[in-house]
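Visitor: I'm new to reading protein structures, and I'd like to know what the labels rest on. Could you walk me through this one?

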Amino acid sequence: MTDHATFMRQAIALAYKGMEGGHGGPFGAVIVKHGKVIGEGHNRVLSATDPTAHAEVTAIRDASAKLKNFDLSGSTLYVNGLPCPMCMSAIFWARIDKVYYGCTPKDAAAIGFDDHKFYEELAKPPTERETPAIQLTECYSEARASYEAWTKRESRTPY
């Protein structure tokens, strides 16, 4: 039987550790597989000067390095706040099975971490976003060729 509260409390403790160390915002994450912690992290945006160093991402990097595998299937993530769109994408890519969270996006917004705009932007067509994504059609065939080259590589690792 999994003790969800124990793992959540570990994630919360990591949030405090990161804040107290001046590493970044109040976020901590723990990844568990078969009842054991395989990865942990806290927000390191400030200390790493890396906008992608959210707690969930640092925990995924930790677990992947320990397991020497990018596929974290069969694992569960505990985080003290609902993951942002970037982190949810990383969770999907890592194939984490389930996420348990404490605080809501409304709670995060109340302390200055409002992800609502990101969700709104991602819902728009790429060219209509605040940071537009514009396809360079004159380079499409060259870009597509790099994709085709990948499919022909015998040594590729699918993911």
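This is a predicted model: local features need pLDDT of at least 70, side-chain atom pairs count only at pLDDT 80 or more; totals for chains, interfaces and linings use all residues.

Visitor: Which residues lie nearest the centre of the largest pocket, and how many line it?

Guide: The lining has 30 residues, and those nearest the centre are Pro26, Phe27, Asn43, Ala108 and Phe113. Helix 1 (4-20), strand 3 (75-81) and helix 4 (105-110) each bring at least two residues to that lining. Helix 1 has the largest share, with 4 residues.

Visitor: What classes of residue make up the lining of the largest pocket?

Guide: There are 18 nonpolar, 8 polar and 4 charged residues in it.

Visitor: What about the second largest pocket, and which residues line it?

Guide: Its volume is about 150 Å³. The lining residues are His54, Cys84, Pro85, Met86, Asp115, Phe118, Glu121 and Leu122. Helix 5 (116-123) gives the most, with 3 residues, and helix 3 (85-94) supplies at least two. By class, this lining splits into 5 nonpolar, 1 polar and 2 charged residues.

Visitor: Asp115 is in that list. How do you know that Asp115 has no salt bridge?

Guide: Check the distance. A salt bridge needs a nitrogen of Lys or Arg within 4 Å of a carboxyl oxygen of Asp or Glu. For Asp115, the nearest side chain of opposite charge is Lys117, and that is 11 Å away. So with a cut-off of 4 Å, Asp115 has no salt bridge, even though Asp115 is buried.

Visitor: Where does Asp115 sit, and what is Asp115 in contact with?

Guide: Asp115 is in the loop between helix 4 and helix 5. Setting aside neighbours within four places in sequence, Asp115 touches Cys84 and Pro85.

Visitor: How many salt bridges are there in the whole structure?

Guide: A search finds 5. One of them joins Lys66 and Asp62.

Visitor: What makes Lys66 and Asp62 a salt bridge?

Guide: Their N to O distance is 3.1 Å, and the limit is 4 Å, so the pair counts. Both residues lie in helix 2 (residues 55-67), 4 residues apart, which is about one turn of the helix.

Visitor: Why is Lys66 called exposed, and what is Asp62 called?

Guide: Exposed means over 50% relative accessible area. Lys66 has 53%, so Lys66 is exposed. Asp62 has 22%, so Asp62 counts as partly exposed.

Visitor: Which residue does Glu130 meet in a salt bridge?

Guide: Glu130 pairs with Lys117, at 2.7 Å from N to O. Glu130 lies in the loop between helix 5 and helix 6 (140-152), while Lys117 is in helix 5, so the pair ties together parts that are 13 residues apart in sequence. Glu130 is exposed, at 57%, and Lys117 is partly exposed, at 39%.

Visitor: And why is Glu121 called buried?

Guide: Buried means under 20% relative accessible area. Glu121 has 14%, so Glu121 counts as buried. Glu121 also forms a salt bridge with Lys124, where the closest N and O atoms are 2.8 Å apart. Lys124 has 32%, so Lys124 counts as partly exposed.

Definitions and conventions. Residues are numbered from 1 along each chain as its sequence is written. Side-chain values use heavy atoms; hydrogens and water are left out. On a 1 Å grid over the protein atoms alone, a cavity is a set of points where a 1.4 Å probe fits but cannot get out, and a pocket is an open set with protein on both sides within 12 Å along at least five of seven lines; lining residues have an atom within 4 Å of a point. Ala, Val, Leu, Ile, Met, Phe, Trp, Tyr, Cys and Pro count as nonpolar, Asp, Glu, Lys and Arg as charged, and the others, Gly among them, as polar. Grid points are joined across faces, edges and corners, and a volume is the space filled by probe spheres set on the points. Buried means under 20% relative accessible area, exposed over 50%, partly exposed in between (1.4 Å probe, protein chains only). Lys and Arg count as positive and Asp and Glu as negative; His and the chain ends are not counted. Contact means heavy atoms within 4.5 Å.
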